[in-house]
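The tour below goes stop by stop.

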Amino acid sequence: MARTENQKTKILYVLKILQEETDERHPMSAQQIAKKVSAYGVKCERKSIYTDLDELTEFGYDIIRTKKGAYLASRQFELAELKLLVDAVQSSRFITKKKSDELIEKLSTLLSCFEGKLLKRQVLVTNRIKSMNESIYYNVDAIYSAMDQNKQIAFSYYTWNVRKEMVQKKNGEPYIISPWFLQWENEKYYLIGFDEETGQMKHFRVDKMLHICLREEIRQGKEIFSQMDMAAYTQETFHMFQGEKKAVTLRVKNELAGVIIDRFGKEVWMHPVDEEFFTITVDVMVSNQFFGWLTGLGGKAEILEPAWVSEAYNKLLSDILV
């Protein structure tokens, strides 16, 4: 039996139906809306729907009426915007497949059921390696909570062995870290925090952190963190990995100008040598990872200075050929 009481909730059901079941291609008549509201157990007549639509429009909802019926024309997110978000969720390696599916399902509820189906089939990423750590979302939340409360955290950190088993580092002893920054880099989340034991800033893969717990101790390393250039730290730590920081001069073919700008930014000064080459001098972490990046340029860039960096690169290449 339809409820005659709680008629104030009727307009909420009208809004729910408009949000979930209408869009520009799927308007709904007042009679159809009234029938669906009645299915929720609330007494409803067709004429009263027009009043509800007027009140919702006056409140600020973008409701369009046509000869075929009414529909909710605009929402908090447009379909194109949600497609971008779905792309990011689906392609992010740090988000597990299970969580990706759950997030996409939730994003689809921000559209009509018809557009939601389009959203779910929007992206197909083949052979995408996804994270296997379901707790990463809780890890991120725990880290932010610690930063908000200015507290240290303790956690276990693991790696994989050749038997594909999780092995805790430091023989399972907890890491005690003062968290200062979360960085999303190379499709992974990293915690940047101060290690009081070594007196250094360190970074940790969030998806490899286990059993995070909040400690009572206040965070340390504030002065060091405040003096850090996070853009430079990211460039050095995540793009060129660890090594000795040095100014290196490279001679590069003109066709790689875009590659250089993508790596070092538009501020890098490119000095033309001739119609074929230019030179740059940049600060890099001299390491095998830097040499690997250079090798990936296919011989279209060479080290000019310092000589010892060039020699170290040539030695690495010779060792590989042995």
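Helices here are DSSP runs of H or I with at least four residues, strands are E runs of at least two, and both are numbered from the N terminus. By that count the chain holds twelve helices and twelve strands. Keep in mind that this is a predicted model.

**The whole chain**

Start with everything selected. The chain has 322 residues, and 39% of them count as buried. The accessible surface comes to about 19600 Å². Carbon and sulfur atoms account for 52% of that area.

**The largest nonpolar core**

Select I143, F155, L191, V206 and M209. These are the residues with the most contacts inside the largest nonpolar core, which has 28 residues. The helices are helix 4 (79–91), helix 5 (97–108) and helix 7 (136–149). The strands are strand 3 (151–160), strand 5 (175–185), strand 6 (188–195) and strand 8 (209–218). Which element gives the largest share of this core? Helix 7 does, with six residues.

In soluble globular proteins, nonpolar side chains tend to be buried together.

**Another core**

Move on to L256, F278, F290 and L294. They are among the 21 residues of another core, which lies apart from the largest one.

**Helix 1 against helix 3**

Select residues 10–21, which form helix 1, and residues 46–59, which form helix 3. At what angle do these two helices pack? The angle is about 75°, and the axes are 10 Å apart. Angles of 65 to 115 degrees count as roughly perpendicular, so helix 1 and helix 3 are roughly perpendicular to each other.

Show the side chains between them. From helix 1 come K10, I11, V14, L15 and L18. They meet S48, I49, D52, L53, E55 and L56 of helix 3. By class, this contact has seven nonpolar residues, one polar and three charged.

**S29**

Go to S29, in the loop between helix 1 and helix 2 (30–39). S29 counts as partly exposed because its relative accessibility is 24%. Leaving out residues up to four places away in sequence, S29 touches K68 and G69. A70 is 41 residues from S29 in sequence, yet their C-alpha atoms are 6.2 Å apart.

Most residues other than glycine have a negative phi, and most peptide bonds are trans.

First, pick N171. Its phi is near 55°, a positive value, and N171 is not a glycine. Look for N171 in the loop between strand 4 (166–168) and strand 5. Is N171 buried or exposed? N171 is exposed, with a relative accessible area of 81%.

Then pick H211, in strand 8. H211 also has a positive phi, about 55°, although it is not a glycine. H211 counts as exposed because its relative accessibility is 60%, and exposed means over 50%.

Finish at E305 and P306. A cis peptide bond joins these two residues, with omega at about -10°. P306 sits in the loop between strand 12 (301–305) and helix 12 (307–321).

How values were computed
Residues are numbered from 1 along each chain as its sequence is written. This is a predicted model: local features need pLDDT of at least 70, side-chain atom pairs count only at pLDDT 80 or more; totals for chains, interfaces and linings use all residues. Side-chain values use heavy atoms; hydrogens and water are left out. A nonpolar core is a set of buried Ala, Val, Leu, Ile, Met, Phe, Trp, Tyr and Cys residues joined through side-chain atoms within 4.5 Å. Buried means under 20% relative accessible area, exposed over 50%, partly exposed in between (1.4 Å probe, protein chains only). Axes are lines fitted to C-alpha atoms, for helices over the stretch in contact, and angles run from 0 to 180 degrees between N-to-C directions. Angles under 35 degrees count as roughly parallel, over 145 as roughly antiparallel, 65 to 115 as roughly perpendicular and the rest as oblique. Contact means heavy atoms within 4.5 Å. Ala, Val, Leu, Ile, Met, Phe, Trp, Tyr, Cys and Pro count as nonpolar, Asp, Glu, Lys and Arg as charged, and the others, Gly among them, as polar. Accessible areas come from the Shrake-Rupley method with a 1.4 Å probe; for residues, only the protein chains shown count as cover.
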